[in-house]
Amino acid sequence: ALNTAACTRIPTPLGGQVVLTEIMHSPLAPTSRDWFELHNATTTTLNLQGCRIELDSAALTYTVPSQLLMLPGEFLTFA
């Protein structure tokens, strides 16, 4: 039998735990890609799977499709 007593579930973030720290919308060449940066402001590892990032317009949305762990204090950039 599988003993799951030691298993833990990594939580998804609650409001204010992950902070949008930078955004670049419609940059000029040579990098013509939009990007944004998130910061895990907690002391806990968080799972961003299923989190949706929305920026004032339906054209600027992103949902994290699979497990993506964000370590405590970590910054992640999405492009």
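Trainee: Which strand holds Leu-60?

Mentor: Leu-60 lies in strand β5, residues 57–63. A strand is a DSSP run of E with at least two residues, a helix a run of H or I with at least four, and both are numbered from the N terminus. Note that this is a predicted model: local features need pLDDT of at least 70, side-chain atom pairs need 80 or more, and totals for chains, interfaces and linings use all residues. Residues are numbered from 1 along each chain as its sequence is written, and side-chain values use heavy atoms, leaving out hydrogens and water.

Trainee: Why is Leu-60 called partly exposed?

Mentor: Its relative accessible area is 22%. Buried means under 20%, exposed means over 50%, and partly exposed is in between (1.4 Å probe, protein chains only). The 22% falls in between, so Leu-60 is partly exposed.

Trainee: Which residues does Leu-60 touch, leaving out those up to four places away in sequence?

Mentor: His-25, Asp-34, Ile-53, Glu-54 and Leu-55. Contact here means heavy atoms within 4.5 Å. His-25 is 35 residues away from Leu-60 along the chain, and their C-alpha atoms are 9.1 Å apart.

Trainee: What makes Arg-52 and Glu-54 a salt bridge?

Mentor: Their closest N and O atoms are 2.8 Å apart. The rule asks for a side-chain nitrogen of Lys or Arg within 4 Å of a carboxyl oxygen of Asp or Glu. The 2.8 Å is within that limit, so the pair qualifies. The structure holds one salt bridge. Side chains of opposite charge can pair when their charged atoms come close.

Trainee: Is Glu-54 buried or exposed, and what value decides?

Mentor: Exposed, at 53% relative accessibility.

Trainee: Why does Glu-37 count as buried?

Mentor: Glu-37 has 14% relative accessibility, so it is under the cut-off for buried. Glu-37 sits in strand β2, residues 35–40. Five of the six residues in β2 are buried.

Trainee: What makes the link between Glu-37 and Thr-21 a polar contact?

Mentor: Their side chains are joined at 2.6 Å. A polar contact is a pair of N or O atoms within 3.5 Å; within protein, one must be able to donate a hydrogen and the other to accept it, and residues adjacent in sequence count only if both atoms are side-chain atoms.

Trainee: Why are β1 and β2 said to pair?

Mentor: Six bridges join β1 (residues 18–24) to β2, and the two run antiparallel. Pairing takes at least two DSSP bridges, so they pass. Leu-20 stands opposite Leu-38 in β2. β2 also pairs with β7 in the antiparallel sense, over four bridges. There Leu-38 stands opposite Leu-76.

Trainee: Which residues make up the largest nonpolar core?

Mentor: Nine in all: Phe-36, Leu-38, Leu-48, Cys-51, Ile-53, Val-64, Met-70, Leu-76 and Phe-78. The elements giving two or more residues to this core are β2 and β7 (75–78). Such a core is a set of buried Ala, Val, Leu, Ile, Met, Phe, Trp, Tyr and Cys residues joined through side-chain atoms within 4.5 Å. Cys-51, one of the nine, touches Pro-13, Tyr-62, Thr-63 and Val-64, not counting residues up to four places away in sequence.

Trainee: How many helices and strands does the protein have?

Mentor: Zero helices and seven strands. Of its 79 residues, 23% are buried.
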